[in-house]
Amino acid sequence: EKCGFEHFMLKEICEQPKALRDTLRARYKDGSLSFPVQIENLLENCKHLLITGCGTAYHAAMVASYVIEQVAGLPVEVLVASELRYRPHIRKEGEVCLLISQSGETADTIASLRLLKELGIPTIALTNVVGCTLSREADWVLYTQAGPEIAVASTKAFTTQLLSLFTIASLIAKQERSGLLEALDQLPGKTQLLIDRQEDIQRFAASQFNKTKVFFMGRLVDFAISLESALKLKEISYTHSEAFAAGELKHGPIALVDTSTLVVALCTQPSLYAKMDSNIKEVKARGATALVITFEDVHTFDDTADAIFRLPQTHPLFSPVLSVIVSQLYAYYCSVLKGNDPDKPRNLAKSVTVE
Ligand code: F6R
């Protein structure tokens with residue numbers, strides 16, 4: 001079943017180009033977007049989008065909030081499902097809720113769905129499992145085409161969620177759609193270029209896996225991917241990892257930065273390269289090792305970073321699909337180097353069906 005791969009996680013990381021191609025094909029045909037007409041109407045008339053999920057799915061929601069607000073000008077609120085279900089919810093006019101869950105069986109996400117339905121808010125599930133509870137109970141459903149995800153740590157489910165969310169953003173985009181669609185169309189192929197370079201990440205992991213603290217920082221979508229990267233690393237390598245919005249560095253996290261710290265700076269937002277560069281200088285001045293993840297043609301960090309991992313160029317809002325693959329591979333190799341089983345991390349279950 002592992003098809004020659006040592007672990008399901010690595011297999012699933014490597015399956016991303018295909019999973020993304022399959023997911024895109026379901027929503028984008030012959031140069032135009034294709035959604036069930038009711039979902040298209042709902043999204044086009046939506047005035048306020050609420051997105052929820054848990055863990056990795058919540059991080060996908062966070063990325064989507066930046067992208068949808070920027071390209072579609074639609075206000076987006078993001079809440080973790082375990083909070084949403086216990087928080088008094090004030091219904092907004094024209095509100096629609098999108099619930100994201102790979103398994104479609106997560107207790108908090110299902111409880112949130114039931115609450116929103118009681119309030120009369122239209123719901124759309126984004127899930128990977130046909131016939132799951134979420135798909136049966138939501139008003140409408142969109143599927144990711146990731147195929148079965150066996151490893152506990154989510155990889156291809158996350159990037160296919162992102163791609164689906166980007167197609168939604170493109171559908172309701174106020175700006176010219178063609179540039180977005182062209183970038184989306186090229187995204188699966190670009191992930192393959194990264195996977196082909198996994199040995200570079202393996203080598204970097206071999207030099208860093210014994211670091212006791214790893215911090216991920218970034219701004220906007222890079223902040224969301226910092227959270228996802230830290231989650232992945234702690235889940236399977238049991239390394240203490242944290243993430244913060246880079247601008248928050250001076251408001252606390254810098255107190256923990258010392259020579260035993262690896263700081264991974266995600267830098268894919270061109271207007272913020274200079275800000276990120278000063279954050280990196282600040283951590284370097286305290287003895288940290290800095291890995292920068294940026295696009296291939298960027299040279300802002302050449303003199304600051306200890307190591308740079310370069311991503312193929314894409315629309316900066318779509319960078320999460322690429323940058324997260326670097327983090328997935330980094331977490332995977334750290335886990336293996338530490339002698340862990342990345343497929344079955346301690347204390348974690350694939351689907352959290354009880355609170
Ligand atoms: C992290 C991970 C979890 C899940 C979360 C939600 O790698 O897999 O954080 O993302 O438990 O699961 P689903 O998407 O099935 O609702």
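## Working through a predicted fold

**Exercise 1.** How many bridges join strand β6 to β7?

*Solution.* Start with strand β6, residues 123–127: four bridges join it to β7, and the two run parallel. Strands here are DSSP runs of E with at least two residues, helices are runs of H or I with at least four, and both are numbered from the N terminus.

Residues are numbered from 1 along each chain as its sequence is written, and side-chain values use heavy atoms, leaving out hydrogens and water.

**Exercise 2.** Which strands make up the open sheet, and in what order?

*Solution.* Read across the sheet and you get β4-β3-β5-β6-β7, five strands with parallel pairing (two strands pair if DSSP finds at least two bridges between them). At the edges sit β4 (76–80) and β7 (140–143), each pairing on one side only. On average, neighbouring strands are turned by 20 degrees against each other, direction ignored (axes are lines fitted to C-alpha atoms).

**Exercise 3.** Which residues come nearest to the ligand?

*Solution.* Of 14 residues around the ligand, the nearest are Ser 101, Gln 102, Ser 103, Thr 106 and Glu 235 (a residue counts if one of its heavy atoms lies within 4 Å). Next, look at oxygen atoms of the ligand. One is 2.6 Å from a polar side-chain atom of Ser 103. A polar backbone atom of Thr 56 is 3.2 Å from a ligand oxygen, and for a backbone N or O atom of Val 152 the distance is 3.3 Å. Finally, the ligand taken alone exposes 410 Å², and the protein buries 90% of that (Shrake-Rupley method, 1.4 Å probe).

**Exercise 4.** Where are Asp 30 and Tyr 238 found?

*Solution.* Asp 30 is in the loop between β1 (28–29) and β2 (32–33), while Tyr 238 is in the loop between α11 (221–237) and β9 (240–245). Now check their phi angles. Neither is a glycine, yet phi is positive: about 45 degrees for Asp 30 and about 60 degrees for Tyr 238. That's worth a look because most residues other than glycine have a negative phi. Asp 30 is exposed at 81% relative accessible area, whereas Tyr 238 is partly exposed at 25% (buried is under 20%, exposed over 50%, partly exposed in between, with a 1.4 Å probe and protein chains only).

Notes
Predicted model: local features only at pLDDT ≥ 70, side-chain atom pairs only at ≥ 80, totals over all residues. Axes fitted to C-alpha atoms, helices over the stretch in contact; angles between N-to-C directions. Polar contact = N/O pair within 3.5 Å; in protein donor to acceptor, adjacent residues only side chain to side chain.
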